[in-house]
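Please open the model in your viewer, colour it by secondary structure, and follow the stops below in order.

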Amino acid sequence: SDGSTYECDIQKNDIGFIYIGTLTGVDCLRRGATNNEQRPEWTFTLPESGKKYAVQSSPATYVSPNMQVYVFVCGYDGILYILDGLKNHVRHKMDLRGPIVSSPAVDRNGTVFVLTTKPAKVYAIDGVNFKTLWSSELDNEDQAVSSPAIGSDGSLYVATTKGKLYRFYNVTEEVLPTTLPTTPVPTTR
């Protein structure tokens with residue numbers, strides 16, 4: 001690791017690995033017999049890591065029914081990297097043509113949801129077969145910087161900087177965006 005983590009959102013799965021997002025990519029640690037025991041397994045560094053803040057989000061993981069581990073890493077350069085979670089290997093990468101600052105979300109079927117900031121656009125991607133299932137542009141004058149969330153009924157929720165909340169129903173079949181009234185949350189720095 002380069003010694004700094006942007007967001008230390010630890011993703012655990014049943015295979016015993018921990019994936020930590022850093023400013024330049026992802027560190028993979030193998031869990032030991034106790035929770036306090038971890039050892040470095042591999043590090044993935046984005047090609048754009050020479051730029052400050054190449055990664056501004058946490059990785060997300062998916063374990064398929066046949067125990068294949070997929071790690072999803074979003075680069076600020078708009079590239080979604082799909083890694084083999086057991087090895088330091090890029091399975092696939094997709095150019096989503098817009099900066100990505102939020103973490104991806106993955107549903108129980110391996111569909112990964114990614115937001116680009118400007119233009120504000122949501123993508124649903126089959127994370128195992130590397131195909132875009134659908135995409136939807138949000139308000140043209142808005143930005144999406146928060147991470148998407150998946151509800152208990154499978155709905156996808158996306159918030160924007162102008163305080164709009166979009167909900168997508170039956171996301172793998174059809175997209176029905178709904179703007180719900182919200183009050184923007186003030187940010188402090």
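How many residues lie between β7 and β8 in the hairpin that they form? Select both strands: four residues separate β7 from β8 in this hairpin, where strands are DSSP runs (E, at least two residues), numbered from the N terminus. Strand β7 (residues 79-84) and strand β8 (residues 89-95) run antiparallel and are joined by six bridges, pairing being assigned if DSSP finds at least two bridges between two strands. Within this pair, show Ile-82, which stands opposite His-92 in β8.

This is a predicted model, in which local features need pLDDT of at least 70 and side-chain atom pairs count only at pLDDT 80 or more, while totals for chains, interfaces and linings use all residues. Residues are numbered from 1 along each chain as its sequence is written, and side-chain values use heavy atoms, with hydrogens and water left out.

Next, select the loop between β10 (111-116) and β11 (121-126), where Pro-119 lies; the peptide bond leading from Lys-118 to Pro-119 is cis, with omega near 5 degrees.

Then move to Met-67, in the loop between β5 (60-63) and β6 (69-74), a non-glycine residue whose phi is positive, near 65 degrees. Met-67 has a relative accessible area of 41% and is partly exposed, that is, between buried (under 20%) and exposed (over 50%), using a 1.4 Å probe and protein chains only.

Finally, select Phe-130 in the loop between β11 and β12 (131-137); Phe-130 is not a glycine, yet has a positive phi of about 60 degrees, and with a relative accessible area of 23% Phe-130 is partly exposed.
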